[in-house]
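Please look through the structure shown here, and then follow the questions and answers below.

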Amino acid sequence: MDKAVNQRFKVYPENACIRLEQLRSLVMQIASELGLGEVEESLKWGEPSYRVKTGSPVRLDWKQQSPDYYYLFFHCQTRLVDTFRELYAEELEFQGNRAIILSLSQPLPEAVIKHCLELALTYQQRKHLPLLGA
């Protein structure tokens, strides 16, 4: 884990840290399974950020002002969140065109989140397709 990201993870409450590490693991797993190359891990705007050459950056975070939730952020000028909303309006909660809001009190909808991450990490190949080829 990147040193700055590791330091950031250490300040999260334990329940949020567990969930955020789960999201991080999914990013790494998907990148490996799809052969997307090295995942660039860094802090962007104080949030752990993950990027591969074929995709759009993904950030994750927990916010003290909304302690019951954690977030998966996407570049707001992509069609990612709009596509996720079209596909998963019943399963997910969204913040504008930039984030998926996840509840710490609910299990992670892993299959749905994994699909969203796959679309984000392969965005450059999909951005011209209807519903990103989902």
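Q: In which loop does P107 lie?
A: This is a predicted model, in which local features need pLDDT of at least 70, side-chain atom pairs count only at pLDDT 80 or more, and totals for chains, interfaces and linings use all residues. Residues are numbered from 1 along each chain as its sequence is written, and side-chain values use heavy atoms, with hydrogens and water left out. With helices (H or I, at least four residues) and strands (E, at least two) taken as DSSP runs numbered from the N terminus, P107 lies in the loop between strand 6 and helix 4.

Q: Is P107 buried or exposed?
A: Buried means under 20% relative accessible area, exposed over 50%, and partly exposed in between, with a 1.4 Å probe and protein chains only. Because its relative accessibility is 63%, P107 counts as exposed.

Q: Which strands stand at the edges of the sheet?
A: Two strands pair if DSSP finds at least two bridges between them, and the open sheet of six strands has the order 1-2-3-4-6-5, with antiparallel pairing. Each edge strand has a single partner strand, so one side of each is left without a neighbour in the sheet; these are strand 1 (40-44) and strand 5 (93-95).
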